[in-house]
Amino acid sequence: MEEKPDFLKISNISKSYGVVKALSDVSFSIRRGEIHTILGENGAGKSTLVKIITGEASPDQGYIELDGARVLSFSPRDAHKMGIYMVHQELAIFENLTVAENIYTDHSFKTGGRIDYKKLYEETGKKLDMFGLGAVAPDTPLASLTLANQQMIEILRCIVAAPKVIILDEPTSGLNDHEAGMLMDILRRLKDENMTIIYISHRLKEIMRISDRVTVLRDGHFAATLVNDEHLTENVLINNMVGRDLSGSLYKIKTQSGAQEGAPLLEVKNFVKKNTLHETNFTLSRGEVLGVFGLEGSGASRLSRMIYGLERFDGGSLSVSGKTIPRVTPRALVKERVMYLNNNRKLAGLLPDMKVTDNMSLPILDKLSGKLGFIDFKRLAGITENFVRRFSIVLPSLSAKPKNLSGGNQQKVMLSACLVPEPEILIANEPTRGIDVGAKTEIHKFLLEIASKGVGVIIFSSELPELMSLSDRILVMRNKAVVGEVKCGDYTEQAIMRHAAFGKSPAEGTENG
Amino acid sequence: MTLLKSFARKNEFVSAVSCVALVVLLTVKGEVFWTAGNFESLQASIAPTAIMAFGMMALLICGYFDLSISSTMLLAGILCGHLEYGGAPIYVTVPLVLLAGFAVGCLNGFLVARLRINALIATIGTQYIGYGAAMLLWDKIRGGAKFSESFILLGEGKMLGVYYATWIMLALLAFFSFALKYTSAGRQLYFVGGNREASRLMGFNDRRIIFGAFAATGLLASLAGILAVARIQSPSQYTGGGVHMTCMIACVVGGGSFAGGRGSAVGALLGVAFMSLLTNMFNLLEMKPQLQNVIIGLILVTVIVMDGYLNLKKLREIGKA
Ligand SMILES: Nc1ncnc2c1ncn2[C@@H]1O[C@H](COP(=O)(O)OP(=O)(O)OP(=O)(O)O)[C@@H](O)[C@H]1O
Ligand SMILES: [Mg+2]
């Protein structure tokens with residue numbers, strides 16, 4: 001392959017947030033028309049670096065050179081003018097507006113200053129078709145889309161701007177393999193058109209598949225830029241990133257079920273909701289990790305919300321430890337020591353402006369208070385500290401605010417808060433979304449550990465390898481119904497995907513789906 | 001049927017239905033409703049309020065509101081008195097007073113958009129300033145004469161049997177409807193109100209957009225003040241009393257939301273029409289003012305609860321809450 005010229009040069013960039021040194025003297029170059037991945041643990045400084053490239057943050061030291069010219073200081077608006085667009089780690093979307101307006105935020109289609117909605121919808125429809133989202137109508141409000149589709153819309157927005165540089169900060173963290181695969185194809189196509197792509201992800205397979213080169217950041221320092229040739233392996237990447245070998249513990253497919261005998265811990269009976277969920281039944285045993293897998297629109301995430309009373313259902317009942325819950329609400333379930341991990345940390349998972357310790361104390365406030373009703377802050381700090389160590393949460397202090405943490409570290413805080421009350425049942429939606437490989441193995445270990453102590457865990461995940469290494473049983477959903485069950489020992493990606501893509505759903509033909 | 005359903009889902013639905021209900025009620029209850037005199041007084045109350053409500057709606061869409069419009073309207077009316085009595089011709093008076101309103105709007109915009117002061121605090125502050133200034137100025141023209149002929153014509157004049165003020169209001173309705181739907185500047189209000197952080201990342205100048213909405217609202221408040229005093233032929237210390245609340249309630253009735261991100265000019269007008277018809281009903285039925293207050297308060301609470309409930313319901317439908 002011929003050497004492509006350097007296009008974007010990052011020179012001696014340093015950036016601190018108070019006492020936190022997010023980046024220290026980072027220098028490397030990105031070539032025109034390459035897919036350049038930035039890899040690093042949670043809090044390594046990846047997002048900070050790309051925010052500096054788009055002018056959303058300004059460096060304390062150092063500068064950026066674009067196409068040989070030094071960029072002094074600029075704003076997101078200037079970056080757009082220079083053709084630099086970014087898909088943000090935390091979605092930057094407008095739920096009150098239509099899909100079309102979310103894609104063409106600058107209202108490109110105007111005749112004499114008047115926005116031409118007909119053209120806008122037409123063009124949006126074409127683009128949606130092109131990217132496999134033909135089922136989405138251009139004039140639907142964005143709020144009614146699933147998280148994954150919202151993510152796709154944000155990606156589309158950047159692509160239609162036909163930028164010179166497109167930066168994607170963990171675009172696949174909310175997508176399943178199929179959707180991620182589609183994104184990969186799109187990115188390859190863009191690369192062929194000589195677009196420069198900066199890519200951030202924690203999914204090593206993906207990185208190996210798509211990158212031309214990989215730059216590794218460690219603790220805010222530049223560690224290495226590696227060429228993706230035959231010598232590069234996942235192990236090399238991990239070694240560069242964390243400085244130790246993790247390959248042994250990563251994604252070993254589970255072969256032995258840990259589910260205990262006896263009466264079920266949780267039982268879902270005849271759950272139904274019109275146009276959303278076909279009759280669903282399953283049980284969860286003590287000590288069992290139950291995986292639920294489904295592609296977009298399969299109803300899996302809606303099911304998770306219904307079990308926790310976050311979304312109403314038309315009929316069916318839920319029992320915990322043999323007791324039927326009369327009214328399924330989060331409150332009733334918390335009483336039964338069921339905890340739920342939300343899949344959207346921005347909307348409903350965290351209190352971004354309160355201290356990390358406050359976030360942790362939420363589910364156990366009553367237990368923390370002493371006789372006089374005062375909160376035992378010492379104990380709280382102890383509990384928090386434990387999780388910080390266990391999941392290697394990177395934070396300046398326990399009183400830091402989640403909004404100032406890196407995305408992966410926010411996720412860790414959110415997960416910890418669910419684990420603090422020592423639940424009997426944990427319903428986790430994408431528990432390791434955006435978490436680096438090192439911390440991920442820690443979290444997996446932890447989940448298996450609590451399961452071995454008798455806790456029942458239901459994991460809704462779009463990541464098959466994760467499900468296969470954690471679950472004792474995987475339910476596969478398709479078209480609003482559970483269409484298959486794969487038992488531990490029979491796991492192969494093909495077997496599960498076959499159900500997810502072709503499983504016969506009883507909802508077929510009866511409803512309009 | 002589907003047409004009806006899609007209309008029912010529109011944000012303006014509540015206000016439109018409420019207006020129709022009130023008209024029916026008024027037709028049945030009061031013989032005076034369908035009289036020329038009553039229509040004139042309805043126009044006189046709707047036109048200036050609606051003019052301000054367009055500004056308030058723009059603010060609500062981008063996530064803000066302005067409590068100082070009542071004092072700006074009052075101040076504008078009293079300034080008209082000063083200039084008129086000082087002998088200034090109408091083509092000097094009107095632009096100067098509009099400029100004053102614009103200046104108050106800019107001050108609000110500066111405080112909220114640039115200094116990032118909470119809109120509640122900032123506009124209560126300017127409301128006090130405006131009210132105080134207006135009262136100082138009022139003392140000097142108390143018991144003054146009538147306005148000049150040409151100025152009165154502004155309030156009394158009609159075209160095709162409809163007051164100029166109403167025509168101006170309708171022109172602004174057309175303008176705002178178009179601008180909010182079909183121009184980039186108008187759409188940006190929805191972007192900022194929907195997600196301010198993200199709109200900044202899109203390269204929008206969020207501060208300028210918010211500033212603009214405040215400035216326009218101040219300008220419109222002074223226009224309303226001019227039209228109101230021209231209509232009663234002399235300045236008054238009672239112009240604009242409580243109109244900030246009327247406007248805000250009207251806008252929320254008309255499909256706006258304190259959460260930001262939605263609303264329309266037609267909705268603002270329908271909301272104002274509803275509020276005016278309600279007052280009209282109070283008057284025709286000779287209802288006690290205390291009872292009137294109770295009813296308006298109840299409507300305010302109902303509307304705000306509905307606003308919250310509808311937001312929640314929408315979220316529920318799509319499984320997000
Ligand atoms: N606005 C901010 N205020 C204070 N600290 C911040 C802020 N933004 C980032 N940081 C800190 O800077 C460091 C780097 O954060 P950054 O978001 O760049 O990490 P990252 O590599 O993107 O991690 P992740 O994989 O979790 O997304 C973190 O320790 C974080 O706490
Ligand atoms: Mg990040």
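The residues of the shell around ligand 1 divide into six nonpolar, 12 polar and three charged. Here Ala, Val, Leu, Ile, Met, Phe, Trp, Tyr, Cys and Pro count as nonpolar, Asp, Glu, Lys and Arg as charged, and the others, Gly among them, as polar. This is a predicted model, in which local features need pLDDT of at least 70 and side-chain atom pairs count only at pLDDT 80 or more, while totals for chains, interfaces and linings use all residues. Residues are numbered from 1 along each chain as its sequence is written, chains are lettered from A and ligands numbered from 1 in the order in which they are written, and side-chain values use heavy atoms, with hydrogens and water left out.

Stay with ligand 1. Its shell holds 21 residues, and the closest are A:K46, A:S47, A:T48, A:S406 and A:G408. A residue belongs to the shell if one of its heavy atoms lies within 4 Å of the ligand. Chain A elements β2 (20–31), α1 (46–53) and α15 (407–419) each supply at least two shell residues. Helices (H or I, at least four residues) and strands (E, at least two) are DSSP runs, numbered from the N terminus. Domain 1 (6–242) and domain 3 (349–421) of chain A each give the shell at least three residues. Those domain bounds come from an automatic or database domain assignment.

Now the polar atoms. An oxygen atom of ligand 1 is 2.5 Å from an N or O atom in the side chain of A:T48. Backbone atoms take part too. A polar backbone atom of A:G408 is 2.6 Å from an oxygen atom of ligand 1, and one of A:N404 is 3.1 Å from an oxygen atom of the ligand. The protein covers 89% of the 640 Å² of accessible area that ligand 1 has on its own. Accessible areas come from the Shrake-Rupley method with a 1.4 Å probe; for residues, only the protein chains shown count as cover.

A:S47 lies in helix α1 of chain A and A:Q89 in the loop between β6 (84–87) and α3 (99–103), so the pair ties together parts that are 42 residues apart in sequence. Both A:S47 and A:Q89 are buried. Buried means under 20% relative accessible area, exposed over 50%, partly exposed in between (1.4 Å probe, protein chains only).

Turn to A:E34. This residue is found in the loop between β2 and β3 (35–39) of chain A. A:E34 counts as buried because its relative accessibility is 3%. Its side chain joins that of A:H36 in a polar contact of 2.8 Å. Such a contact is a pair of N or O atoms within 3.5 Å; within protein, one must be able to donate a hydrogen and the other to accept it, and residues adjacent in sequence count only if both atoms are side-chain atoms.

Two backbone angles deserve a look. Most residues other than glycine have a negative phi. A:K480 has a positive phi of about 70 degrees although it is not a glycine. A:K480 sits in the loop between β21 (473–478) and β22 (481–487) of chain A. Is A:K480 buried or exposed? It is buried, at a relative accessible area of 16%. B:L160, not a glycine either, has a positive phi of about 50 degrees. Its place is the loop between β1 (158–159) and β2 (162–163) of chain B. B:L160 counts as exposed, at 76% relative accessibility.
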